[in-house]
Amino acid sequence: MAEVSYAQATCQYAGNPEPSVNALDLQIADGEFMVLVGPSGSGKSTALRMLAGLEDVTSGEIRIGGEPVSQKPPKDRDIAMVFQSYALYPHMSVRENMGFALKLAGIGKEEREKKVAEAARLLNLTDYLDRKPKALSGGQRQRVAMGRAIVREPSVFLMDEPLSNLDAKLRVETRSNIAQLQARLKTTTLYVTHDQVEAMTMGDRVAILKEGGFLQQVDTPRALYERPRNAFVAGFIGSPAMNLRRAKLVDGGAQLGNIVLPLQDSVAQAARAEGLSEIILGVRPESFQTTQAGGSGTASGLKIEVKLVEELGADAFVYGSIEGQGPDEKNYIVRFDGRVPPRIGEVIQVDVRTSEEHAFHPETEERLGD
């Protein structure tokens, strides 16, 4: 069993008044693919390096398979790490690079060759085993780095932004390969990224860190998307980001631009219980639909003056201003059918789909309602 456990694990660098990772409590099940995600400076890479033994645990504890490892050297933790840089030996062939750690460990040549051949087969590298790294593409080099980790058959894989050096198309292909490979190997994996699209498409669960190394929420990608615990998670998960705006509470709901948006009963009850006069109202760009004209032939939805249109083929994202929007507030974003996008300067009217709004406390920013 190779479950991983952070128990109030903290890392604070000398001379820094604030911890980089602050009392992290996180459990990763045996065989699970856990993604650690957050903005720059949130401590995600530090948390991974603490597990690897490359950073000291100032307080708290880290366990692998139930055994404390905080005081163990990296070589005794049974982990294998894949870095952002490929870190391949340029003078060695792919075969030699993949088998080098086994050679250092005293594994015989026959067994080494067998392990390397199996890893190469899994990674579609069999035809490249005798090439040098300079003869490989970026994606192939990253697969060699993966193969070097696989042949060691560790208890835990650690991956620190391994796709950040690849171009966009190759990144999509390689993240799919990594996810499929992990599902086949069933090796406990901690994967660090700043890219929330990577996090949502790869992980069994996703842990979100905020600046200062504070853990915000751990859940499945779907649960994070549908039920963010606070406004930070709501604004971080989703692309484009959720529209978040302070909205006054009025009779019938919350004032959003020129409309009063009805709130779910649980949200209204929670707001009354807290004595709130306003909330942070969140609506995802995909939660809108074009307003249908009523009996008078005029529509009555949320009015948005179009400032920018991003056409992406099947979809278009419309950026615009709503009534009462301050000069420093971000534009509202609405997803539109890409075949009939509006024009810049046009005023569109849209409705929010029933029960797809999110509400957060204006001070604590914690979720309101069920």
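Buried residues make up 48% of the 370 residues in the protein chain; buried means under 20% relative accessible area, exposed over 50%, and partly exposed in between, with a 1.4 Å probe and protein chains only. This is a predicted model, in which local features need pLDDT of at least 70, side-chain atom pairs count only at pLDDT 80 or more, and totals for chains, interfaces and linings use all residues. Residues are numbered from 1 along each chain as its sequence is written, and side-chain values use heavy atoms, with hydrogens and water left out.

**Overall build**

- The protein chain holds nine helices and 20 strands. Both are DSSP runs numbered from the N terminus: helices are H or I with at least four residues, strands are E with at least two.
- The C-alpha trace spans about 85 × 45 × 35 Å along its principal axes.
- Of the contacts in the protein chain with a separation of 6 or more, 67% are between residues 24 or more positions apart. Contact means heavy atoms within 4.5 Å.

**Nonpolar core**

- The largest nonpolar core has 42 residues. Such a core is a set of buried Ala, Val, Leu, Ile, Met, Phe, Trp, Tyr and Cys residues joined through side-chain atoms within 4.5 Å.
- M98, I178, Y191 and I208 have the most contacts inside this core.
- Helix α4 (residues 138–150) supplies the largest share of the core, five residues.
- Leaving aside neighbours within four places in sequence, Y191 contacts F33, M34, V35, L36, M159, P162, L163, I178, E198 and M202.

**Helix α4 against helix α5**

- The axes of α4 and α5 (residues 168–185) come within 11 Å and cross at roughly 20 degrees. Axes are lines fitted to C-alpha atoms, for helices over the stretch in contact, and angles run from 0 to 180 degrees between N-to-C directions.
- The two helices, α4 and α5, are therefore roughly parallel to each other. Angles under 35 degrees count as roughly parallel, over 145 as roughly antiparallel, 65 to 115 as roughly perpendicular and the rest as oblique.
- α4 passes α5 in a right-handed crossing. A crossing is right-handed if the near helix is turned clockwise from the far one by less than a right angle, and left-handed if anticlockwise.
- G138, G139, M146 and I150 of α4 meet L170, I178, L181 and L185 of α5.
- The contact of α4 with α5 has six nonpolar, two polar and no charged residues. Ala, Val, Leu, Ile, Met, Phe, Trp, Tyr, Cys and Pro count as nonpolar, Asp, Glu, Lys and Arg as charged, and the others, Gly among them, as polar.

- In α2 (residues 94–104), V94, N97, M98, G99 and L102 are buried.
- The cover over the buried residues of α2 includes α3 (109–122) and α4.
- α2 and α3 pack at an angle of about 130 degrees, with their axes 10 Å apart.
- α2 and α3 are therefore oblique to each other.
- The crossing of α2 and α3 is right-handed.
- R95, M98, G99, L102 and K103 of α2 make the contact with R112, E113, K115, V116, A119 and A120 of α3.
- By class, the contact of α2 with α3 has five nonpolar, one polar and five charged residues.
- Just after α2, G106 has a positive phi of about 85 degrees.

- A23 is in strand β2 (residues 21–28). Its phi is near 50 degrees, a positive value in a residue other than glycine.
- A23 is partly exposed, with a relative accessible area of 26%.
- D78 sits in the loop between β5 (67–68) and β6 (79–82). Phi of D78 is near 55 degrees, again positive in a residue other than glycine.
- D78 counts as partly exposed at 38% relative accessibility.

**Two loop prolines**

- P39 lies in the loop between β3 (33–37) and α1 (44–52).
- P39 is partly exposed, with a relative accessible area of 27%.
- Not counting residues up to four places away in sequence, P39 touches K44, L209, F232 and F236.
- The C-alpha atoms of P39 and R152 are separated by 31 Å, and these residues are 113 residues apart along the chain.
- P240 is in the loop between α8 (231–236) and β11 (243–250).
- S239 and P240 are joined by a cis peptide bond, with omega about -5 degrees.
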